[in-house]
4 protein chains.
Amino acid sequence: MDKDDYKRQLHGLQIGLAALQRQLIAQERRLLVIFEGRDAAGKDGVIKRIVEHQSPRETRVVALGKPTERDRSSWYFQRWVQHLPAGGEFVLFNRSWYNRAGVEQVMGYCSQTEYARFLTDVAPFERLLTDEGIIVLKYYLDISRPEQAARLEDRRINPLKQWKISPVDAVALEKFDAYTEARDAMLAATGDAIPWRVVRADSKHHARLNVIRDILASVPSEGLPEPIDPADPAVLRLWNPGDRPEDFLAS
Amino acid sequence: MDKDDYKRQLHGLQIGLAALQRQLIAQERRLLVIFEGRDAAGKDGVIKRIVEHQSPRETRVVALGKPTERDRSSWYFQRWVQHLPAGGEFVLFNRSWYNRAGVEQVMGYCSQTEYARFLTDVAPFERLLTDEGIIVLKYYLDISRPEQAARLEDRRINPLKQWKISPVDAVALEKFDAYTEARDAMLAATGDAIPWRVVRADSKHHARLNVIRDILASVPSEGLPEPIDPADPAVLRLWNPGDRPEDFLAS
Amino acid sequence: MDKDDYKRQLHGLQIGLAALQRQLIAQERRLLVIFEGRDAAGKDGVIKRIVEHQSPRETRVVALGKPTERDRSSWYFQRWVQHLPAGGEFVLFNRSWYNRAGVEQVMGYCSQTEYARFLTDVAPFERLLTDEGIIVLKYYLDISRPEQAARLEDRRINPLKQWKISPVDAVALEKFDAYTEARDAMLAATGDAIPWRVVRADSKHHARLNVIRDILASVPSEGLPEPIDPADPAVLRLWNPGDRPEDFLAS
Amino acid sequence: MDKDDYKRQLHGLQIGLAALQRQLIAQERRLLVIFEGRDAAGKDGVIKRIVEHQSPRETRVVALGKPTERDRSSWYFQRWVQHLPAGGEFVLFNRSWYNRAGVEQVMGYCSQTEYARFLTDVAPFERLLTDEGIIVLKYYLDISRPEQAARLEDRRINPLKQWKISPVDAVALEKFDAYTEARDAMLAATGDAIPWRVVRADSKHHARLNVIRDILASVPSEGLPEPIDPADPAVLRLWNPGDRPEDFLAS
């Protein structure tokens, strides 16, 4: 796929997203899309393409900073709850409550008890949201070790990506295997209420197109301008409890 | 019990509450007490005596108005979640998410589907809170028909209680039986995660003393100044799923 | 004035407050009452009597904790702005932005530049509120050194007032003169947009009655049940820029 | 200027913005940039290019919906105050409190008294912000009648811009002259505390480059990678109280 081809496809899919948003607004439906993945997996990039032509009033990207002291002594899910979509809204979470099963667990920011409780509590919590008709899609963008190394190096030298550098990034590569373990445990334990949608993300262009295609295919909608093809199963896969990481994921 | 006796007992219990609060703060614990009951059941009065000598900084009384249009299109529990106690805080809800099983159901402010979903969702929701160590106590203040009639009449003529009069009150008596039915269904269906504590409230003084006594007995605490007697089982009762309303409640 | 006399008068004034609130609600007016004064000056006590029979839905008492790091890097007035009264609301501030001219200045929590800027900025800020029709009343409760000493001692030994003890209180007496200086500078410099109402508060009962009487006399209202006498000028005084502290205030 | 030239220049300026942001964060400074202008003047487009490579955590775009009933009975500036930048933050307002001098005045959404009060209150309000060191830049993007007509027509037929269509847009052209009058009155009356920066915006590319160039030149900063040229005075002009609209603005 060359650049022109990518742009043409992206343009078509963005028209689909615009139609989807009109529907959400007209029908007062609520859509929450959660993005997880290692540092530099491409979360910012895919979110940017999704919201590019969406109505800013009904679209929100939520990327919470590190919790305050008050947050830390409050109900764990509380600081995200206030950002859930109201009727007609499309909300994208750039990282989410799954921090606890990723960076917090790997870096030791939470206790093992908190980690274990999260793994058992997240499904009942998410079920409360979907029970009420909130549409929730969870994407895990998966990249390989060499790709992550190359992207983190690019950050270091690209003058427009300086802000992305953080002390936590510094250890992303160093702790690659610990993050792999955490990823596998998270995918295995937390898909009960809402399945994980795992995306091969070493190719940014393919990942972006596939995620958007999958959103359009996954939100039940009527009257979209044209039928949407399901994303390529070789690069996007709905995760089942019994799935083996080695069959699909990078390691 | 004469007035002096009431005052003396109340004073002693408030000293216990002050000790309890010091403990909550010192140990960063969180306490949420929910009050439900018919109009004029005495919710305001008992809350006032509880918070009278508490530290305003760590104590919050939450009485939400009717939901805005945005609230109505948001996750049902959302507008209460933001008021949950953080570490060291003591929060009192004057009515709560149980509106859906009371006034909303009786007055037709929610659909039958929303009502049914609430009855099944409230236990998993509350379990998420208690799992994390938030202490939650739920009191239902129960008054009889003649007592409610007398109190509503007092509101009508007492110049200090004018603000309590609302159009919904007007139908409280008229729909007494419908509220009884809703009460019985709520007590039977929603005590799974956190048991209901049902209080006979025709006597204001007894009700207030018993609720405070029960709070002090129910919050696990060490080093309280003196042992606290459990509330009188003839006027306060922990509700079990199989309990029969006619054995204890007014009708 | 004996206790029964106090109670009778208070009851009458609370009926006046109830009438005032009905008016505020009916006419969608906004009332903000600010209380300042040394530790133990009686702010909590007078606020409690004012709100005792007010409608909780339209009445809010705001006592902010110490500013967070984010607060400290935000516009100084910002954290109070979100608590200003909306239409029909009656809001009471237990301490306010005047912290900067009191505790912050005395304890060195702000720089001299921040203090000086506050003294010049507060009048334009308050004028923006009153220009829009928000009614703002500012009370300074003034107590003498012996009275403050007696009350702080009472706190130390009264089991119901333990929560009021704070490390800052500890130095209230020690820094009595510095607080006197700060008080005089504040009264002289910050009454341009909204005059200070200074109340002799060594007698709690008199102070409470006089403040409520003054609120009722100061809020322009029609149809209040009976004419309200102005507060006793010997104990309550509207502060003019040229007033000399030694003529009225404790030192 | 051809498209490649535009892209090259934009890239260079975005590197400047990245450097500016690093400085803001390192020095805990606060930057607020306000964009005003007719419908389709290009506010969304310029904001998008500014934030494209900024750190999402320290950058916020604020585009408030129409005021709720509660907003309408609150202090006019209140709903924007909560979005002001804290230390290190860069906030962009897509429309602002100037709604009152634009759409509200033209469409009759506010009274003449409210309009007049806004014109006199806005300078003291803004001075409170700048006094405290918040950097505030106000841009008015000015387009001509034919350009607006062309852009609104494009919206109507472009499938990616459907969400921009609103009932208010429909009358933008029809009321072009009323908006011109309101614009001239606003520029003449509200530049006292913070001057207006008026930009010729019929050429989107030029407008975007000039605004970014002007931001970089206007925020006092040290150590930016290279000297920044001031924006072209033929297309960007600091508005002085005595300036005549016919000398610079479209009509």
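Two residues are in contact if their C-beta atoms, placed from the backbone, lie within 7 Å. By this rule, Leu141(C) is in contact with Phe35(C), Gly37(C), Ala41(C), Gly42(C), Lys43(C), Val199(C), Ala201(C) and Ala207(C), leaving aside its neighbours within four places in sequence. The model is predicted: local features need pLDDT of at least 70, side-chain atom pairs count only at pLDDT 80 or more, and totals for chains, interfaces and linings use all residues. Residues are numbered from 1 along each chain as its sequence is written, while chains are lettered from A and ligands numbered from 1 in the order in which they are written.

Leu141(C) also belongs to a nonpolar core. Such a core is a set of buried Ala, Val, Leu, Ile, Met, Phe, Trp, Tyr and Cys residues joined through C-beta atoms within 7 Å. A residue is buried if 20 or more other C-beta atoms lie within 10 Å of its own, exposed if 12 or fewer, and partly exposed in between; here too, C-beta atoms are placed from the backbone. The largest nonpolar core has 103 residues. Within this core, Phe35(C), Leu141(C), Val199(C), Phe35(D), Leu141(D) and Val199(D) touch the most other members. A second, separate core holds 101 residues, including Phe77(A), Phe90(A), Leu141(B) and Leu216(B).

Helices and strands are DSSP runs, numbered from the N terminus (helices: H or I, at least four residues; strands: E, at least two). Ile215(C) lies in helix α10 of chain C, residues 204–218. Ile215(C) is buried, with 23 other C-beta atoms within 10 Å. Val33(C) and Leu137(C) touch Ile215(C), not counting residues up to four places away in sequence. Tyr139(C) is 76 residues from Ile215(C) along the chain, yet their C-alpha atoms are separated by 9.8 Å.

Chain B contains an open sheet of 6 strands. Strands of a sheet pair through backbone hydrogen bonds, either parallel or antiparallel. Two strands count as paired if DSSP finds at least two bridges between them. The strand order is β2-β3-β1-β4-β5-β6, and the pairing is mixed. At the edges stand β2 (59–62) and β6 (236–238) of chain B; each has a single partner strand, so one side of each is left without a neighbour in the sheet. On average, neighbouring strands of this sheet are turned by 20° against each other, direction ignored. Strand β5 of chain B (residues 196–200) runs antiparallel to β6(B), and 3 bridges join them. In one of these pairs of residues, Arg197(B) has Leu238(B) in β6(B) as its bridge partner.

Helix α2 of chain B (residues 43–51) touches β1 (31–37), β2, β3 (90–94) and β4 (135–142) of chain B. The direction of α2 makes about 165° with that of β3(B). Helix α10 of chain B (residues 204–218) lies across β1, β4, β5 and β6 of chain B, at about 155° to β5(B).

The loop between β1 and α2 of chain B holds Ala40(B). Ala40(B) has a positive phi of about 70° although it is not a glycine. Ala40(B) is buried, with 25 other C-beta atoms within 10 Å. In chain C, Ala40(C) is found in the loop between β1 (31–37) and α2 (43–51). Ala40(C) has a positive phi of about 70° and is not a glycine either. Ala40(C) is buried, with 25 other C-beta atoms within 10 Å.The contact between chains A and B takes 21 residues from chain A and 21 residues from chain B. On the chain A side, α4 (78–81) and α6 (112–131) each supply at least two residues. The largest share, 7 residues, comes from α6(A).

Technical notes. Axes are lines fitted to C-alpha atoms, for helices over the stretch in contact, and angles run from 0 to 180 degrees between N-to-C directions.
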